[in-house]
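I opened a notebook for this chain. My entries follow the order in which I looked things up.

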Amino acid sequence: MDFSQVLAEKTDTILYKWVIAVRKDRRIESADDLSYTAIRDHIPDVLKAMVTVLSKSEDSDVKSIVTAGLQHGVLRAEQGFDPAEIAREYHLLRTVIFETIETDLLRVTPPGIIRSMRLIDATIDEAIARCFKSYVDERLRDLQYLYISLTLHNEELTRIVSANQEYLSQLAHDLKHPLTSIIGYSDLFLRQQRQKTEIEDSNVNLEHIERVLRNGRHLLSIINDVLEISRYDAGQIKLQPAPTNVRELINNVYEMLEPLAVKKNLKVAINCDRAPEQVFTDSLQLQQVVTNLVSNAIRYTKSGTISIVCQRLENERIAPMLPTRDFLEENPSLVAKGNMAMILESPLGKSGYFAIAISDTGIGIAPEDQARIFEPYFRASSSNQPPLPDSTGLGLAIVYRLVKLLQGQINLVSQVGVGSTFIVTLPLQVEIS
């Protein structure tokens with residue numbers, strides 16, 4: 001029996017079963033939102049090369065295995081897979097291949113079975129090795145990019161810190177741990193590379209790289225927030241207004257942050273039925289405002305609902321914006337405590353304004369902290385809820401400045417243990433100076 005022909009005929013079946021297995025495997029979360037084509041990637045090339053390896057009449061197509069493995073590793077790095085997920089999907093590929101061809105295997109002689117199994121294993125092992133090599137190379141490129149970015153930011157960060165001595169201690173504390181981790185793991189990884197560790201150690205090295213990248217990105221996030229505050233205070237941020245679809249903008253923010261809410265089993269309720277059809281504003285700055293407020297609501301809410309409401313203002317008042325019907329039905333205690341049932345006077349004028357309100361059922365903010373919540377580096381806390389370890393106290397300070405830049409105003413209604421509501425009131429059309 002020409003076993004390579006059997007494998008060639010069943011390639012499509014193997015691919016289909018493998019993609020289904022990857023989708024169902026809870027240990028490969030990175031594949032959840034990928035299309036069939038994105039998951040399949042270069043695996044067909046691996047199987048095609050495997051056919052030539054099993055064939056007694058054709059030359060083994062080793063080059064195809066090498067190329068497919070390398071390309072697969074690069075793509076999986078770009079898709080955000082971690083090393084364990086890649087190893088798992090190759091394990092599934094091996095399993096699916098043997099399950100699909102089991103009946104045909106049993107028809108050949110024992111030496112034939114052994115030969116076929118050995119060649120299939122060798123092909124997959126070679127593909128794994130090449131895949132991990134390109135994956136490591138891609139992660140190293142990410143690491144180099146982070147290093148360059150940190151170097152470019154260093155001079156401006158030094159200037160900012162020098163100009164804000166009162167916040168030096170807090171800022172140094174926020175930067176210390178991720179920076180120490182970057183230096184430590186980078187040094188460990190480089191030393192291991194110099195010693196030319198065996199391929200069995202590649203998973204350990206990859207974990208080091210992942211920690212470096214994770215801490216590096218966190219550090220860059222802190223630095224970027226500091227720079228954003230600095231640019232605003234220096235008057236370097238200029239409005240670039242254009243016609244903006246607010247409903248679409250809010251939906252885009254929701255789609256971007258939905259995985260974070262799903263991960264915490266939070267429901268997000270959106271009501272834009274009374275939103276203006278179009279406003280004239282800086283969509284980029286407005287999107288950052290909404291993104292910061294919604295992500296904050298998710299981070300500080302353990303269970304319950306996040307509500308996003310947008311509506312045009314009429315008669316100097318925001319009609320009872322909050323909560324949405326779903327929000328009220330799922331959180332009746334909020335109505336009883338009177339935390340969210342409010343009608344807010346518009347501070348900006350009689351007409352020509354709209355508002356976006358974002359509510360949560362999170363930890364709430366104490367009255368004594370509400371007056372300072374928009375100050376840079378201030379982080380509200382209580383005996384029951386210390387500040388989150390990755391919080392810098394800059395998110396709401398940036399929101400406050402951007403809302404002011406957009407010629408609007410932000411209000412807060414909050415109760416400890418019940419939740420918070422941030423209401424952003426903005427003009428339908430910003431004035432261009």
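Entry 1: Is Asn-245 buried, partly exposed or exposed? I looked up its relative accessibility, which is 36%, so Asn-245 counts as partly exposed. The classes I use are buried for under 20% relative accessible area, exposed for over 50%, and partly exposed in between, with a 1.4 Å probe and protein chains only. I then placed Asn-245 in the loop between strand S1 (242-244) and helix H10 (246-263). Helices (H or I, at least four residues) and strands (E, at least two) are DSSP runs, numbered from the N terminus. I also checked Asn-245 against Phe-280, which is 35 residues apart from Asn-245 along the chain. Their C-alpha atoms are separated by 8.9 Å.

**Entry 2: ground rules.** I am reading a predicted model, where local features need pLDDT of at least 70, side-chain atom pairs count only at pLDDT 80 or more, and totals for chains, interfaces and linings use all residues. Residues are numbered from 1 along each chain as its sequence is written, and side-chain values use heavy atoms, with hydrogens and water left out.

**Entry 3: the whole chain.** I found 15 helices and 9 strands in the protein chain. The chain has 433 residues, and buried residues make up 47% of them. I then looked at contacts, meaning heavy atoms within 4.5 Å. Of the contacts with a separation of 6 or more, 77% come from residues 24 or more positions apart.

**Entry 4: H10 and H11.** Two packed helices are described by the angle between their axes and the distance between the axes. Axes are lines fitted to C-alpha atoms, for helices over the stretch in contact, and angles run from 0 to 180 degrees between N-to-C directions. H10 and H11 pack at about 30 degrees, with their axes 10 Å apart. That makes H10 roughly parallel to H11. Angles under 35 degrees count as roughly parallel, over 145 as roughly antiparallel, 65 to 115 as roughly perpendicular and the rest as oblique. The crossing of H10 past H11 is right-handed. A crossing is left-handed if the near helix is turned anticlockwise from the far one by less than a right angle, and right-handed if clockwise. On the H10 side I noted residues including Leu-249, Val-253 and Met-256. They meet H11 residues, among them Leu-286, Val-290 and Val-294. By class, the H10 contact with H11 has 10 nonpolar, 4 polar and no charged residues. For these classes, Ala, Val, Leu, Ile, Met, Phe, Trp, Tyr, Cys and Pro count as nonpolar, Asp, Glu, Lys and Arg as charged, and the others, Gly among them, as polar.

**Entry 5: H11 and H15.** What does H11 do at H15? H11 passes H15 in a left-handed crossing. The axes of H11 (residues 283-299) and H15 (residues 395-405) come within 9 Å and cross at roughly 150 degrees. Among the contact residues are Gln-288, Asn-292 and Asn-296 of H11 and Leu-396, Val-399 and Val-403 of H15. The contact of H11 with H15 divides into 7 nonpolar, 5 polar and no charged residues.

**Entry 6: H4 and H6.** H4 (residues 43-54) and H6 (residues 83-105) have axes that come within 13 Å and cross at roughly 45 degrees. That makes H4 oblique to H6. I logged the crossing of H4 past H6 as right-handed. Ile-43, Leu-47 and Met-50 of H4 make the contact with Tyr-90, Leu-93 and Ile-97 of H6.

**Entry 7: positive phi.** Asn-265 has a phi near 60 degrees, a positive value in a residue other than glycine. I found Asn-265 in the loop between H10 and strand S2 (267-274). Asn-265 is exposed, at 69% relative accessible area. Gln-407 has a phi near 65 degrees, also positive in a residue other than glycine. The loop between H15 and strand S8 (409-415) holds Gln-407. Gln-407 is partly exposed, at 29%.

**Entry 8: cysteines.** How many disulfides does the structure hold? I found 0 disulfides, a disulfide being a pair of cysteine sulfur atoms within 2.5 Å. Cys-272 is in no disulfide, and the nearest cysteine sulfur, that of Cys-310, is 5.2 Å away. Cys-272 is buried, with a relative accessible area of 10%. Cys-131 is buried too, at 0%.
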